[in-house]
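User: I'm new to this one and would like to go through it step by step. Could you have a look with me?

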Amino acid sequence: MFDYNFHWRPVLKSFPDLIQAGFVTLEIASLAMLLGIVIGLCLALMRINMKGPLKWFAVTWIEIARNTPALFQLFFFGFGLGAFGINLSPFTIILTGLSFNCAGYLAENFRGGFQAIPVMQINSARCLGMNSWQAYTRIVIPQVLRIVYYPITNQMVWAVLMSSLGMLVGFKELSGETQFFASKTFRVFEYFAVAAVIYYVIVKIVLGASRLLAMRLFRY
Amino acid sequence: MIQIRDLHKHFGDLHVLKGINLDVSKGEVLSIIGSSGSGKSTLLYCINGLEAIQQGTVHINGTDVHAKNTDINKLRQKLGMVFQQWNSFPHLTTLENVALAPRIVKGKSKEEALELAAKQLKHVGLGDKLKNYPVSLSGGQQQRLAIARALAMEPEYMLFDEATSALDPEKVGEVLDTMRLLAEEGMTMICVTHEMGFAREVSDRVAYFHEGIMEEIGPPQQIFEDAQSEHTRKFLMNVR
């Protein structure tokens, strides 16, 4: 029935390269998440607290990021901007694309988190003489971070897996590297099977690390 | 001294406070009683600027609370506030709950703030709960934590907004005892309360609010035994 002979030797030979590429994947996902968290937090605050252009800027960002394919967003930063003579490196394309996408999703997580904090928490802080910046940074945001912690973990997993789109804009993360070797050796199945296992392991490591971090961070 | 002159507060079409005039001098304990929706709590919110007002003035030691150029954060350090819902900060230990504001608002050093916090917590009887998170405290303990947190700012006035209304009946006593202690120490207090026993025994004056108007104010004995207003008599009959 099957007329296919497995050849694992080439995969094994380039295994160190694949692991190396796995680190690139982890790196790009982490960077995108870092940017995404900072931008997402700002977008959420803009959407909740601002009026006028700033609010609409945030709403538009969130709407586009969440309601169009991530691949299209990536293509926009790659080929879209390229058409206007703005040529970004593959690394910049995948980083901006992923950050853009993550920021949109995270903004909505943060918005939910902010809405879960009773307004009386802010009033209490203000009654102690804190200004609104202090009330936000000392009282509200620490509680929001706890609420959105697991959704953020989820988004991190999503970022690791979604970084595989880098392959389509010429960036050599794990998928790009895998594709490169696969087309060189025609061992497509073997390479992608091994890559899948590496993705799995990366995600497991991310989840384990986040669980350890949670145990340290949240003592209540 | 707290001076309130012709204070009006509207929530949209709702006229919640209809021209309140009230002076509270240093060292006085004033209890405000009245049915729900009579504007008692709103008055406290107007005193510390949590709610804007539409007419009239509130002065704390001569400073206009609602004036544009007033540094409200500075002014609020003089006014401790305790709410019906205790609003502990769940992510901080009791000690940190109390130490935070003295440190970041008043600029005290960490050691100084922690020492002060420990002192205040002992004062309200929570000396053995310094390292606990609020989630592990009972309602009464959390309310005493809220009192300690307000006291740590060394306020001149304390505002209590139905501080015992959300507590289990058997926890009411411990919070009232703490409030009593403060009164004995000479703290100036405005207590919106449904605890008639407390109002009667602890206050210097009792004010009765009815539909946004301060109908009657006087020494507890006068209010509880010789009320002039029909509404006051009816209210006191119902709560007894």
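User: Which residue in β2(B) is the bridge partner of B:Leu7?
Analyst: This is a predicted model, and in it B:Leu7 has B:Ile20 of β2(B) as its bridge partner. Strand β1 of chain B, which covers residues 2-11, pairs with β2(B) in the antiparallel sense, over 8 bridges.

User: And what is the order of the strands in that open sheet of chain B?
Analyst: The order is β2-β1-β4-β5, which makes an open sheet of 4 strands with antiparallel pairing.

User: Why is one side of β2 and of β5 left without a neighbour in the sheet?
Analyst: Strands β2 (14-24) and β5 (63-64) of chain B stand at the edges and each has a single partner strand, so one side of each has no neighbour in the sheet.

User: Changing topic, which residues touch the most other members of the largest nonpolar core?
Analyst: Those are B:Ala148, B:Leu159 and B:Phe160, in a core of 77 residues. Helix α5 of chain B, residues 139-151, gives the most to this core, with 6 residues.

User: What is B:Phe160 in contact with, leaving aside its neighbours within four places in sequence?
Analyst: With those set aside, B:Phe160 is in contact with B:Val82, B:Met179, B:Met189, B:Cys191, B:Val192 and B:Thr193. Apart from this core lies another one of 47 residues, and among them are A:Met33, A:Phe77, A:Ala103 and A:Ala159.

User: What does UniProt say about residues 2-236 of chain B?
Analyst: An unreviewed UniProt entry annotates residues 2-236 of chain B as "domain: ABC transporter". In the model, this span is 37% helix and 26% strand, and its end C-alpha atoms lie 27 Å apart.

Terms used. Residues are numbered from 1 along each chain as its sequence is written. Chains are lettered from A and ligands numbered from 1 in the order in which they are written. This is a predicted model: local features need pLDDT of at least 70, side-chain atom pairs count only at pLDDT 80 or more; totals for chains, interfaces and linings use all residues. Two strands pair if DSSP finds at least two bridges between them. Helices (H or I, at least four residues) and strands (E, at least two) are DSSP runs, numbered from the N terminus. UniProt positions are given in the numbering used here, feature names are shortened, and annotations may be inferred rather than shown by experiment. A nonpolar core is a set of buried Ala, Val, Leu, Ile, Met, Phe, Trp, Tyr and Cys residues joined through C-beta atoms within 7 Å. A residue is buried if 20 or more other C-beta atoms lie within 10 Å of its own, exposed if 12 or fewer, and partly exposed in between; C-beta atoms are placed from the backbone. Two residues are in contact if their C-beta atoms, placed from the backbone, lie within 7 Å.
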